[in-house]
Amino acid sequence: MIEIRDIRKRLGDKEVLKGISLTINEGETVAILGRSGMGKSVLLKHIVGLMKPDSGQVIVDGVDITRVKRKKLFEIRRLFGFVFQNSALFDSFTVWKNVALPLIEAGYDIETIDMRVKKVLSMVNLEGTEDLYPAELSGGMMKRVGIARALVGDPKYLLYDEPTAGLDPVIADRINDQILYLKEYLKKTAVVVTHDLRSALKISDKIALLTDGVIVTFIRKEEIFQVEHPEMRQFLKASGLS
Amino acid sequence: MLDALINFVSEVLELLGGVSDLTVKSIRSLRDIKKIPGPLLEQMNNFGVNSVPIVLFTSVFTGMVTAIQIAYQIRDYAPLDLLGAGVAKMVMMELGPVLTALVIAGRMGAGIAAELGTMRVTEQIDALECMAIDPIRYLVLPRILSGIIMVPILTVLAITVAITGAAFVSNVVVDLDYTTFFQGIKLYFVPKDLYGGLIKSIFFGLIVSLMGSYYGYYAKGGATGVGKATTQAVVSSSLLILLMDYVLGVFLFGK
Ligand SMILES: Nc1ncnc2c1ncn2[C@@H]1O[C@H](COP(=O)(O)OP(=O)(O)O)[C@@H](O)[C@H]1O
Ligand SMILES: [Mg+2]
């Protein structure tokens, strides 16, 4: 379980997070919805300790990660797979090495690593791309390599930063299916940051709406049409849902 | 006026703080020593392959022009037998280490800043963190160590090539035969001249790789930010090389 308790974060001269609390239960997929620049990525980075809040706590499986030593933080990070917005693949490494790196660094033997890499690449339908470099991949393929890399250590939690942003609608929908598959077959707990309401409705159980540094509604997705908040109405309207 | 001064002082202090912090973290990451050789060899190779041609080019011309200049200056006052010694001392104590370092600051310092800066702004460094890989150990430490190791090696190469070039022009232009040229070097050779130069080059290697790493590692603001980091790395390491050259010059050869 991930519990975010009243976190605040100032970046430059702007208070980006103004007291955010959110609980993500085991097995749930929570979408954090918001327009761009609202602090979604900043919030996601707090969950893995890439950023530290000015105040408040982030509790992962009972441990407050804002207070732990770096060594312990690294241990906790092994519970997470993080899919970055622009994939953040290492451009000097092949697909194979990109996906294998966490295991190589953790000291596994090469056969175990190779088996595991092949397995996660086949989960995202990328068999046979092992020797390609990121520059040779399409946007959708890069996203899927990013997902494979996040999966390789068999994490308990998956965090996605705008998994469908910048992709054409067909490819975006394929990524949604991918996320749904991981949720249903591997039972991963996930947090998906997105500005795409349709995608959020498809893949998540709950939706949190982030506006101006606060979460204004946090609901089960079935309840979406009852939300009165103007920001949510705008999202529904813009997505052609109301 | 006062504002500008306060700004300048606080920026310098911030830089010092940031660089010291990165140094301390790098030293701490030495604890993971068994994971270092792989990336280190890769970086040393990178450093060497990228820098050898330009170091060769710089040093051969430096050697040749130094020989001509010294010959011109001493010809009315001293026997030309001293030419080899003069060139060798200049090249070992000063020109070899400093010019090699400045050229490498432009080449590798910029390269390190651009590479790490790109990795920072495209979140590759965050990705390493998320994989529980310490980016300082994985990226910064190998670059700093390879600077400390490779710059002295390249300096030795530069000194050798410069002296060879000098011997060649002395023979062709000044009409001094090779034996006399090299005997002059041998006769007046003081080991400290060479060690002193190499000690300088170790510091210069540290400066180039540390400044490149610092500006790259903390780059922000997309492609513009990376460009800025690259320029700052080159400018600051060049200035620091000259400053350090003076300090070490006083310390090593000052009396
Ligand atoms: N490292 C940083 N330093 C300063 N400001 C930042 C930093 N990261 C994000 N911000 C600012 O915080 C706000 C939220 O950013 P972000 O979380 O990336 O938004 P998004 O919801 O689009 O993911 C933006 O105004 C951005 O400029
Ligand atoms: Mg974002």
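Predicted model: local features only at pLDDT ≥ 70, side-chain atom pairs only at ≥ 80, totals over all residues.
Residues are numbered from 1 along each chain as its sequence is written, chains are lettered from A and ligands numbered from 1 in the order in which they are written, and side-chain values use heavy atoms, with hydrogens and water left out.

**View 1. The helices of chain B.** Chain B contains eight helices and zero strands; here helices (H or I, at least four residues) and strands (E, at least two) are DSSP runs, numbered from the N terminus. The C-alpha trace of chain B spans about 65 × 50 × 30 Å along its principal axes.

**View 2. The packing of helix 3 and helix 5 of chain B.** Helix 3 (residues 83-121) and helix 5 (residues 135-174) of chain B pack at an angle of about 145 degrees, and their axes lie 7 Å apart. Axes are lines fitted to C-alpha atoms, for helices over the stretch in contact, and angles run from 0 to 180 degrees between N-to-C directions. The contact of these two helices of chain B comprises 19 nonpolar, four polar and two charged residues. Ala, Val, Leu, Ile, Met, Phe, Trp, Tyr, Cys and Pro count as nonpolar, Asp, Glu, Lys and Arg as charged, and the others, Gly among them, as polar.

**View 3. The interface of chain A and chain B.** In this interface, 20 residues of chain A are in contact with 17 residues of chain B, contact meaning heavy atoms within 4.5 Å. The area buried between the two chains is about 1,700 Å², and carbon and sulfur atoms give 57% of it. Buried area is the accessible area (1.4 Å probe) that two parts lose on being put together, summed over both. Phe74(A), Phe90(A) and Glu105(A) supply 31% of the area that chain A buries against chain B, more than any other three residues.

**View 4. Salt bridges between the chains and within chain A.** Side chains of opposite charge can pair when their charged atoms come close. A salt bridge is a side-chain nitrogen of Lys or Arg within 4 Å of a carboxyl oxygen of Asp or Glu. There are six salt bridges between chain A and chain B. Lys45(A) forms a salt bridge with Asp126(B), the closest N and O atoms being 3.5 Å apart. Within chain A, Lys72(A) forms a salt bridge with Glu75(A), with the closest N and O atoms 3.8 Å apart. Both Lys72(A) and Glu75(A) lie in helix 2 of chain A, three residues apart, about one turn of the helix.
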